[in-house]
Amino acid sequence: SALYVLPPGLVESSCRSRIFWMKLNKLLLQGKFFQLEINDPYAGPVLLDEKLASRCGYVLSEDVWGNPVFRASVLGCHVANEADELFSLTVNIKVSSFPSMRAAVTYTYPMYCSYSSWASREIVCEENYMEVSVKTDVPAVSNDYTVAWMSALPETQNVAYQLWQLMFVSPSGRKRITVSDAAKLGYSFNNTLYRVYLRAPYHSNESDVSLVNGVNMNMITSTSMYRQRWLLLLIDTTVSCPVDGISFTDTTLTWTVPSVIPTLVVQESTFLSKNIVMGVDDQVIVNPEERNYLLEHNETLIRITIPIGAGGGKLKSSIAAGVYGVIYSIDLFLEHTWTDADWQTTKYTVIKSITTPFMPQIPTVINNTVPEERLFNVAFGHFLPDVSLVAITLGNTPFTLREAQHHTFKIYETPFSNRTKGFILEVSFDDPHVLKEYVNRNETKYTLLVNYTLSVGPEMTLYYHFAEVECVVADIEIPDAVGYCDEENLYLAIPTSGLHHYWNLYLGNTLLNRHVALTNGYLAATNSTHLILQVPLFAAGVIYEEVSFQKVKARFDVALRKVRTMETLQMFSVSCSFNPSAFISKSCNRSIDKKICDSFLHLITNSLISSVCHPDGTVMVSAQMKTVPAIDMSKTKLRDSSCKPREYNEGHAFFKFHVTTCGTSVRFEGDHIIYENEIFYEKETLPGQSTPKITRDPDYRLTVLCYYRAKETLVLGALAGDPFTLLPFGSGTMVPRSNIAVNRRIRQALSVVSRVSKDESFLEFYEPNVAILKRAVEPVFLEVELKDESLDAELYLENCWVTGSLDFNSAPRWNITVDG
């Protein structure tokens, strides 16, 4: 490879205390591979690897921003040293586009460092090595012998002549080896003009771990020995460095280092802390509190506390097991200078790269939607700057950000506090990807289903987050129908906005569609705003509220029901009074329901007796007086003597009653159900002397019969009296009871079950003990079943009623059937 001029900005370096500090710019290395070579002044370039780095005092790592960082001790193997004051080191930076490093470009980068203020003892605790250097002009050995020195003295007679040797003391015993043998074990020992140094890897066989004020310390106890004819030199080269002391909370990280390390301070009573400084990267922090750092110390501990996310460190996004979170990293160093009686001055430097564990940060979806704007506004965050939104899925439709720009919705990035960001999504309620559901009387629930796809961190890991956002808006106006009549028809005009989308029109329990309208003789016409329904007076579905000799009062009801739940929201009714004599014959000629029409015709035109039997069980009867002598029609009555005429004159009496009242009986003949009642007149008698009674009144008795096909639906009113004079809604609870509770005369308990069907199909039933809301005009479909297997058991339904409670005697009560 050739040598090239170093590109500007690729490298920056400094000399911090006694360490070379070099940083490469990752942006200029993007997509490239690099290697470092150390230039040996005598042997040429040496490739830097892990084994060489820990033995020679080098560190190759990355800072928190991902920039490659190289550090070297000024006492490193290949550093040129001038009188322990001026130091130089040349590094070759090899850059290639290939992993094999072929066709590499080599940049030579020399570094210089001056350092003359050496302490008597200096200790450096680096990431991959421990180093202690000691002045060789230390004072004579004092009378306070350490254990290490005492153990070394018996060995001095065996120290080789003019050859440095090392004595290690560990729990496994003493070991004396030569410097060359120590190098094979990963140690590096040498002397400069004024100093002796020992460099050792962590956790070697000769090391020991001890707990000092809650911090584990890796310690190597050693003595360096040199013997000449007139001199025996013993130097304590013991070194001890922290291997933990890091703790975390949700908001802070704390780094703890012992103030006094017993193996390094023999006479603790003489210990005096002189100076403590902290730094980030290669810069001393003069006022830590300005960065919200906390540096505190006492007689036992030095503690540095850093808020997670503080400046100088880096928060990085990460994904673990599909969960988004962050990791915070910061590169710290600590310098502690102290004095004691043995060593005069010790300078203790620890360099520590700290990374927090993965901290889950579940993103939040904030619904900022203003319903009146009919626009979803959804904020998604918070994220660090290393997170990018790459795609979004609305409902089941995926969009890249580029594709999203061509649609009606908007996606944009927004900054949040604490240097975080989020993503804003705006989607109209009317967008086809928004789900719409009619939920309440006049409300729509809009639902936005969104799945975010994000690229996280420099690794560009994909992260997915699903969110469901809802907004309920009162944006539906229930139609308000208008009713009117002409001489022959009833009309309902109903707004068509939203019709058949949210709700449908029902005639009773039948969907009022075009086929039903034509079958029943209705005319339906629509314009741009309304559906106009024309209903002839004698068409099916018309309710005759009042029929008299002077007028016919008719009503037509249409129910507005939810499409999904069938809940009745509104009843549209039109009610009018008609003059029968003016048009009834003409209307009958066009009526589809000839049977009802003919009945009315007879009712109005003075027939002897005529009756109308309505599908809802209402019976209207006009009885004409044809007796000689004439009777008082006001005194006629039905079987139940309390049921008297609604209207009468000299020649007619008009009755209106329900088939479940007034003593009406019921029987079955073939496929018909026959309801029967009688109109009669009680004679007035004159008292006589003997048993026979004398009366001046003729006999008057008329039978009223109503026939219904058994397979047709007979709508039985569940309310006694005139149902249209009562409240529009009622509620009751159907509770199945055994026959023994209904009729106490039966001693044998039979298995009788009653149920209420939801419609005439008797396929779907209401649950027991559930309140059932019904209007007075709505049918109740009741099923009573005898489940007893005995052959001689038969079922007769005598009395059936509805009350507001479970008490059989509670009032009021509404009869469904009476006396069978």
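Trainee: How many cavities of 30 Å³ or more does a search of the whole structure find?
Mentor: The model is predicted, so local features need pLDDT of at least 70 and side-chain atom pairs pLDDT 80 or more, while totals for chains, interfaces and linings use all residues. Residues are numbered from 1 along each chain as its sequence is written, and side-chain values use heavy atoms, without hydrogens or water. A cavity is a set of 1 Å grid points, over the protein atoms alone, where a 1.4 Å probe fits but cannot get out. At 30 Å³ or more, the search finds one.

Trainee: How much space lies in the largest cavity?
Mentor: Volume here is the space filled by probe spheres set on the grid points, joined across faces, edges and corners. For the largest cavity that gives about 30 Å³.

Trainee: Which strands each supply at least two residues of the lining of the largest cavity?
Mentor: Lining residues have an atom within 4 Å of a point. Here they are R16, S17, I19, W21, F333, E335, T349 and I351. Strands are DSSP runs of E, at least two residues, numbered from the N terminus. The suppliers of at least two are β3 (19-24), β28 (323-340) and β29 (344-355).

Trainee: Where is R374, and how does its accessibility class read?
Mentor: R374 has a positive phi too, near 50°. Its place is the loop between β31 (364-367) and β32. At 26% relative accessibility, R374 counts as partly exposed.

Trainee: What C-alpha distance separates V280 and L332?
Mentor: V280 lies in β23 (residues 272-280). At 4% relative accessibility, V280 counts as buried. L332 is 52 residues apart from V280 in sequence, but in space the C-alpha gap is 4.6 Å.

Trainee: Which peptide bond is cis, with omega near -5°?
Mentor: Look in β32 (residues 375-383), the place of H382. The bond runs to H382 from G381. The cis bond is G381 to H382.

Notes: On a 1 Å grid over the protein atoms alone, a cavity is a set of points where a 1.4 Å probe fits but cannot get out, and a pocket is an open set with protein on both sides within 12 Å along at least five of seven lines; lining residues have an atom within 4 Å of a point. Helices (H or I, at least four residues) and strands (E, at least two) are DSSP runs, numbered from the N terminus. Buried means under 20% relative accessible area, exposed over 50%, partly exposed in between (1.4 Å probe, protein chains only).
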